[in-house]
Amino acid sequence: MPPNITTTPAANDCPTKTPEDLAIPKIQEYKLQIVWRNVLLFAYLHLAALYGAYLMIFHAKWLTVAWAIILYYFSALGITAGAHRLWSHRAYKARLPLKILLAFCNTISFQNHIFEWARDHRVHHKFSETDADPHDARRGFFFSHVGWLLCRKHPHVKEKGKAIDLSDLYADPVVMFQKKYYLLLMPLACFLMPTMVPMYYWDESFVNSWFVATMFRYAFVLNMTWLVNSAAHMWGNKPYDATINPSENLGVAIGAAGEGWHNYHHVFPWDYKAAELGNYRANFTTGFIDFMSRIGLAYDLKSVPQEVIRKRCTRTGDGTHNVWGWGDKDITKEELNDAVIVDHIKAN
């Protein structure tokens, strides 16, 4: 076939261009900007947590220690079962009472409101280990662990984030209520309530209540969550996709209530277990969701059958595309059709 022939328009048909129009647009180089307010706040938090650890061992009442542990599990579920598996990945559905419970637990954890957490996490999955990843592990352990919270976001994070579908979050009244009143609810749930309960109910001192039940507990939950972004993106095996950074990390799974099976999770982010195996010993969150399903508060639990895991990982390696979870426009019809819905009530 002859090459395509294009005609050149007459000179007077072409708009007049100035030298400024012809200049190549300049791309502003990214410059790291430290947020010193966050640096000071996190420095105080971790110093206070260290003091809290000392008080917990030598001075605090055992009820205060037990209270801190209970708050840890509530906080963890607000992130793992709530902001992560329910709202970020839509891996299952929850009735209103469970949504309210998880939103309350999420508020105790104080890791920003559900809407912002889910938005950033979807961006992380779509653009993992790129400049658009909020906690890009290529920039080292410290950055992916906490450093990303101590500086301004890379412009690509904001740019790519605008393309992420958040319509389901906007349509969720529980998410939007928490977002609207977060600055009021968060101090009450994360700081005031944990401190006042030991003082009121078993006459604990303010110092022990503040540094053990509040500061130590809060810092511990934060670091367990951050390890998913750092350690689980650096150390561990990769049986599902050897080409990506996320790895299977047992230590992180134990500390983060089941979120350490990260290689599998990045390949199949819509699986409500966030792991291939529902091993409750290292996946507390899966046990919680299964229990909620058995009493009718959780339903439509998405999972991946064994034959699909074998087929997909053998065929592709996997890593052929990135999706943030169930409902992503890039998820294929084959994957939608292959997924199974777990219903514990009908199963019994």
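**Helix packing**

Analyst: H3 and H10 cross in a right-handed way, meaning that the near helix is turned clockwise from the far one by less than a right angle. Helices here are DSSP runs of H or I with at least four residues, numbered from the N terminus. The model is predicted, so local features need pLDDT of at least 70 and side-chain atom pairs count only at pLDDT 80 or more, while totals for chains, interfaces and linings use all residues. Residues are numbered from 1 along each chain as its sequence is written, and side-chain values use heavy atoms, leaving out hydrogens and water.

User: Are H3 and H10 roughly parallel or roughly antiparallel?

Analyst: Axes are lines fitted to C-alpha atoms over the stretch in contact, and angles run from 0 to 180 degrees between N-to-C directions. The axes of H3 (residues 62-88) and H10 are 10 Å apart, at an angle of about 155 degrees. Angles over 145 degrees count as roughly antiparallel, and under 35 as roughly parallel. H3 is therefore, relative to H10, roughly antiparallel.

User: Which residues of H3 make the contact with H10?

Analyst: Contact means heavy atoms within 4.5 Å. On the H10 side are Met193, Pro194, Val197 and Pro198. On the H3 side are Thr64, Trp67 and Leu71.

User: At roughly what angle do H10 and H11 cross?

Analyst: H10 covers residues 182-201 and H11 covers residues 206-229. Their crossing is right-handed, and the two helices are oblique to each other. Their axes come within 8 Å and cross at roughly 140 degrees.

Terms used: Angles under 35 degrees count as roughly parallel, over 145 as roughly antiparallel, 65 to 115 as roughly perpendicular and the rest as oblique.
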